[in-house]
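Thanks for coming, everyone. I would like to take a few minutes over one model, beginning with a single charged residue and then moving on to the packing.

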Amino acid sequence: MSWPTCSTVLLGIVLGCVGFGPVAAQEAATSVAPSATSTQQTVLPVLVFDRSRILSDSKLGQAFEAEIQQTRDALVQENNDIYAALEVEEAEISALRPTLSEEAFVQKADAFDQKVTSVRAAQDRKANDIQALYNSGLEDVEQKMNAALTSVAREVRAIVVFERQQVYLMSGAIDVSTEIIRRLDAQFAVDAALADAPVTPDDETSDGSAAVE
C-alpha cells in the first residue's frame with residue numbers, strides 16, 4: 001500500500017511547536033552564533049524520519065493496514081460471489097430465449113440489466129465507504145505519528161524535521177524513526193489494554209451505561 005506524504009504538514013507543526021518560523025529560525029541562528037569571547041554554541045539539530053518505515057513497522061500502522069486489508073478482502077469475496085451468481089442468472093435467461101416471445105425475452109433481459117446496474121452501484125458505494133474508512137484511519141495514525149515527532153523535536157530542540165526521502169546524504173544519528181516506532185508501540189499497547197479492560201461498577205451509571213466524565 002502506498003502512503004501519501006505529509007512532510008510539509010509535519011514541518012509546519014514542528015516549527016510551530018518549537019517556536020520557530022522562517023524569521024524566528026534566522027533570529028535563533030544569530031543569537032547562538034559564537035561570540036569573540038565564547039567558543040560554545042547551542043546545537044539546534046535537524047531530524048529525519050522514515051515515514052514508510054514507521055507506518056509499516058509500528059504496531060499502530062500494522063493494525064491499521066490489517067484492518068483495512070481485511071475489509072477490502074471481504075468486499076472482493078462478496079463481489080466475486082455476487083457476480084458469479086449474476087453470470088449463472090444470465091446464462092439461465094439466455095437458455096430461455098427459444099421458449100420466449102421476443103417481447104418477453106426483452107423484458108427479462110432489461111430487468112436483468114437493471115439488476116446488474118443496481119448491484120454494481122451498491123458495491124461501488126461499499127468500495128467508497130472503505131476508502132473513506134481508510135482516509136479516516138490514516139488521518140488518526142498520522143496525528144499520533146505527528147504527536148510523537150513533535151514531542152521528540154521539542155525534547156532535542158530541533159528546528160526542522162525532514163522525511164528520509166527528501167534527504168540526499170545524512171548521518172544515521174539524526175534519524176528518529178526507531179524512537180518514533182517505540183513511542184507509537186508503547187501508546188498502542190496502552191490503548192489496547194484500555195480497550196480490553198473490563199468495565200467496573202465505578203465506570204457505569206445507575207442505568208448500566210458507561211459513565212461519561
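Asp 50 sits in the loop between strand 1 and helix 3, where helices (H or I, at least four residues) and strands (E, at least two) are DSSP runs numbered from the N terminus. This is a predicted model, in which local features need pLDDT of at least 70 and side-chain atom pairs count only at pLDDT 80 or more, while totals for chains, interfaces and linings use all residues. Residues are numbered from 1 along each chain as its sequence is written, and side-chain values use heavy atoms, with hydrogens and water left out.

Asp 50 is buried, meaning under 20% relative accessible area with a 1.4 Å probe and protein chains only. A polar atom of the Asp 50 side chain does lie 3.3 Å from the backbone nitrogen of Ser 52. Beyond four places in sequence, Asp 50 is in contact (heavy atoms within 4.5 Å) with Arg 164, Gln 165, Asp 175 and Ser 177.

Turning to the packing, the largest nonpolar core has 21 residues, a core being a set of buried Ala, Val, Leu, Ile, Met, Phe, Trp, Tyr and Cys residues joined through side-chain atoms within 4.5 Å. Its largest share, eight residues, comes from helix 5. Ile 54, among the residues with the most contacts inside this core, touches Ser 177 as well, together with residues including Met 145 and Ile 180.

Finally, Arg 157, in the loop between helix 5 and strand 2, has a positive phi of about 60° although it is not a glycine.

Conventions:
Buried means under 20% relative accessible area, exposed over 50%, partly exposed in between (1.4 Å probe, protein chains only). Lys and Arg count as positive and Asp and Glu as negative; His and the chain ends are not counted. A salt bridge is a side-chain nitrogen of Lys or Arg within 4 Å of a carboxyl oxygen of Asp or Glu. A polar contact is a pair of N or O atoms within 3.5 Å; within protein, one must be able to donate a hydrogen and the other to accept it, and residues adjacent in sequence count only if both atoms are side-chain atoms.
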